[in-house]
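Subject: Handing over a structure

Dear colleague,

I am passing a structure on to you, together with some notes on what was found in it. Please look through the sequence and the model first, and then read on.

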Amino acid sequence: MTDPRTTPGTAENPTTPDPAVTLVPSASSVTEPATGAGVPNEAAGAAAGRQEDPAARARAALEAARRRTTLLTDSVTEEDLVAQHSPLMSPLVWDLAHIGNQEELWLVREAGGRPGIRPDLDSVYDAFQTPRKDRPALPLLGPAEARAYVAEVRAQTLEVLAAADTSPDHPERLLAGGFVFGMLAQHEAQHDETMLATHQLRRGPAVLHAPAPPPAPADAASLPAEVLVPGGPFTMGTSSEPWALDNELPAHQVEVAPFWLDTVPVTNARYQEFIAAGGYSDPQWWTPEGWRHVQDAGLQAPLFWSRDGDAWVRRRFGTVEPVPADEPVLHVCWYEADAYARWAGRRLPTEAEWEKAARHDPATGRSRRYPWGDADPGPEHANLGQRHLQPAPAGSYPAGAAPSGARQLIGDVWEWTASDFSPYPGFAAFPYKEYSDVFFGPDYKVLRGGAFGVDPVACRGTFRNWDYPIRRQIFAGFRTARDVTASENTGSAEHTEGAGNAGGAA
Ligand code: AVJ
Ligand code: FE
């Protein structure tokens, strides 16, 4: 299968959407035989095909993550590297050496069976031993030492990888399909997003620069406000994605009632209507905890927004600029997303609804890897990978649309869901409890879909992120949903399919 990222001349937002690109399911979804009803039904063929050379994929993913890490840490002064820009974040130099320490632990020592380089650093860079706000007080490696350390670890990692057997049927699960190498590439990519959030919190002149995303395609203004996702069972989670993390497993059937979902994420213009309508001062829109938090924290608008006369401006990576009306809203907490949805007469989608909208293909009954099919994300599908340092306008990426017609489910902004972070039936922690297991429960809300700050290696239809409902420094927005009403729900397949296709073709 060709990697769309290497296809030259691909426009991110073609002015004339090519129906062959947006509407035809990928070859693997068509040709793969359907499994029986009640059996998890996901697109395994494409994932297996893409893993033809797991070691090469692992090396490329590790190197891509390191390029980003280097840029994020070389673009500031040494003083800025060791400074704490917010009590919510670690000093950048902690993230840098933590990336190296985790890689030493899992790739050099565990996968490589080597003695290790600096085991004495394990406790300094153990995220569970020291909360972020206390990390500046640790005996951290300085910038030069941290850079030398991660380079030494990486050199050994590449030797281990070159010697490793990464065949998909390797008896050790850690090595099968190169899982542990993929896990560490995803770990570094996640910290690259965390470091990008630190850059956003940092005060002072801009140091990061990227081109703006392309303008919205011509049809963005005429998209239906919402799309219908048909009811019925679908396959949630995965048992075939080789680098899926433990919380995405296993694939299992979930029954989802038909529902309507916003075609695009809620925009700044819409969110400003909520502010202008007094949304932040009316308790009827907020949960009791949300209302308490709005008052205690004095929330009045998304993080980084301020008034400039009658207009709203925002600070974005060191630049103050007008808030763009048609961009998905960013830097809102779960309580704000939930309150907006209630004010709009709607609700947040559940995590299962979100994944069904993003993966379920009604034509085949199969769950795709991504909304557009099984192909890896390319620049025409989604705004990922810090290629741009802001979300693209609502309605962008027609080639990345889901079968329902929903756009931008992957990329642009993380989307808050209504759901608490909980394990799927049959969950087993792997390879360590501190990745997911210790976070399950009502304290954390699930976010889906990834943002412009996420590398494609750490983003897919099954990928789960989570955070506290008060958090706003993450690159999070949301879209809303509503139940299908009794008069809309005819229960007929023609009805649901017709409405779904209307969204997809629009
Ligand atoms: C999945 C983003 C919630 O940053 O706490 C990084 C990812 N885990 N190192 C986090 C992670 C360990 C995690 N999130
Ligand atoms: Fe980490």
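Helices, in the naming used below, are DSSP runs of at least four residues and strands are runs of at least two, both numbered from the N terminus. Please keep in mind throughout that this is a predicted model.

I begin with ligand 1 and its surroundings. The residues around ligand 1 are His187, Gln190, His191, Tyr435, Asn465 and Trp466, and by type they divide into two nonpolar and four polar residues, with no charged residue in the shell. Taken alone, ligand 1 exposes 350 Å², and the protein buries 75% of that area. The space that ligand 1 takes up is the largest pocket.

Which helix gives the most to the shell around ligand 1? That helix is H8, with three residues. Helix H8, which spans 179–201, and strand S12, which spans 464–467, each supply at least two residues of this shell. Seen by domain, the shell draws at least three residues from domain 1 (19–201) and at least three from domain 2 (231–266 + 330–495).

In the side chain of histidine 187, an N or O atom is 3.1 Å from a nitrogen atom of ligand 1, while a polar side-chain atom of histidine 191 lies 3.2 Å from a nitrogen atom of ligand 1.

I then turn to the backbone, where some details in the loops may be of interest to you. Leucine 249 and proline 250 are joined by a cis peptide bond, with omega about -10°, and proline 250 is found in the loop between strand S2 (232–236) and strand S3 (252–256). A cis peptide bond also joins phenylalanine 430 and proline 431, where omega is about -5°; proline 431 belongs to the loop between strand S10 (414–421) and strand S11 (441–448).

Where is histidine 331 placed? Histidine 331 is in the loop between strand S7 (319–322) and helix H11 (334–343), and its phi is near 65°, a positive value in a residue other than glycine.

With kind regards

Note on methods:
Residues numbered from 1 in each chain as written. Chains lettered and ligands numbered in written order. Predicted model: local features only at pLDDT ≥ 70, side-chain atom pairs only at ≥ 80, totals over all residues. Heavy atoms only, no water. Near = heavy atom within 4 Å. Polar contact = N/O pair within 3.5 Å; in protein donor to acceptor, adjacent residues only side chain to side chain. Areas by Shrake-Rupley, 256 points an atom, 1.4 Å probe, with all protein chains shown as cover. 1 Å grid on protein atoms, 1.4 Å probe; cavity = no way out; pocket = protein on both sides within 12 Å on 5 of 7 lines; lining within 4 Å. Sits in = over half its atoms within 2 Å of the grid points. Nonpolar A, V, L, I, M, F, W, Y, C, P; charged D, E, K, R; others polar. Domains from an automatic or database assignment.
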